[in-house]
Amino acid sequence: MKKITIAIDGFSSCGKSTMAKDLAREVGYIYIDSGAMYRAVTLYSIENGIFDGNDIDTEKLRKEIRNIRISFRLNPATGRPDTYLNDVNVENRIRTMEVSSKVSPISALDFVRTEMVAQQQAMGKEKGIVMDGRDIGTTVFPEAELKIFVTATPEIRAQRRYDELKAKGQEASFDEILENVKQRDYIDQHREVSPLRKAEDALLLDNTNLTIEQQKEWLFEQFNKVS
Ligand code: C5P
């Protein structure tokens, strides 16, 4: 069977990665969480005195961006890929509220996007890839054979994120998460470079009232139509 490229874009915390991961596993494709890459650059910026939450030292980040190596390695315990930053496992550290609250300004920088997009395109050269993010169908893989744009209400997305953090035993406040979800939606949609928008040829999926199972079924139907 010929391998295709699958781009899954949409708002934050709307279950994109769950569906992308499931699909990739079932069909034997590589899964790449592009948001994890922007999160890793953000963690690097926090830990190296580049971003304190107010000002970004863009000159330092511009100089260092090419030395920031991001990779994914399968974690045998979870069966899922963990994110590595310069060969250190940062999977848990990139999922904190601190990184969530600082990632959108970092990912709005043009030179950060140029570098990440180049790395993502290299990862997808052979096709057989499912990548989720904000600009995959519009910028990274505009020729993708299957493009999905996922959305759900901010409240349901915040609730899912809250449940996820709680399940991992992390501290979480629903109001803080809802505020963060709305703030990221705004910045992601209004930035100059590659703003979040649905590609014209993407299929729209509003999963506010769908279970994970229903969503999975819908996605498989779409995959079977094009592959
Ligand atoms: O997908 P996730 O919510 O982990 O992404 C974190 C942030 O990374 C997003 O809010 C967005 O600012 C940025 N991002 C991006 N382009 C992508 C993926 C994520 O700008 N392709």
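Trainee: Where does the ligand sit, and how do I read that feature?

Mentor: In this structure the ligand sits in the largest pocket. A pocket is an open set of points on a 1 Å grid over the protein atoms alone, with protein on both sides within 12 Å along at least five of seven lines, and a molecule sits there if more than half of its atoms lie within 2 Å of the grid points. The model is predicted, with local features needing pLDDT of at least 70 and side-chain atom pairs pLDDT 80 or more, whereas totals for chains, interfaces and linings use all residues. Residues are numbered from 1 along each chain as its sequence is written, and side-chain values use heavy atoms, leaving out hydrogens and water.

Trainee: How many residues surround the ligand?

Mentor: With a heavy atom within 4 Å as the criterion, 15 residues surround the ligand, and Arg39, Arg113, Asp135, Asp188 and Arg191 are the closest. Helices (DSSP runs of H or I, at least four residues) contribute to this shell: α2 (34-47), α4 (97-107) and α8 (174-190) each supply at least two residues, and the largest share, four residues, comes from α2.

Trainee: Which ligand atom lies 2.8 Å from a polar side-chain atom of Asp135?

Mentor: That atom is a nitrogen of the ligand, while an oxygen atom of the ligand is 3.0 Å from a side-chain N or O atom of Ser107. The protein covers 95% of the 460 Å² of accessible area (Shrake-Rupley method, 1.4 Å probe) that the ligand has on its own.

Technical notes:
Polar contact = N/O pair within 3.5 Å; in protein donor to acceptor, adjacent residues only side chain to side chain. 1 Å grid on protein atoms, 1.4 Å probe; cavity = no way out; pocket = protein on both sides within 12 Å on 5 of 7 lines; lining within 4 Å.
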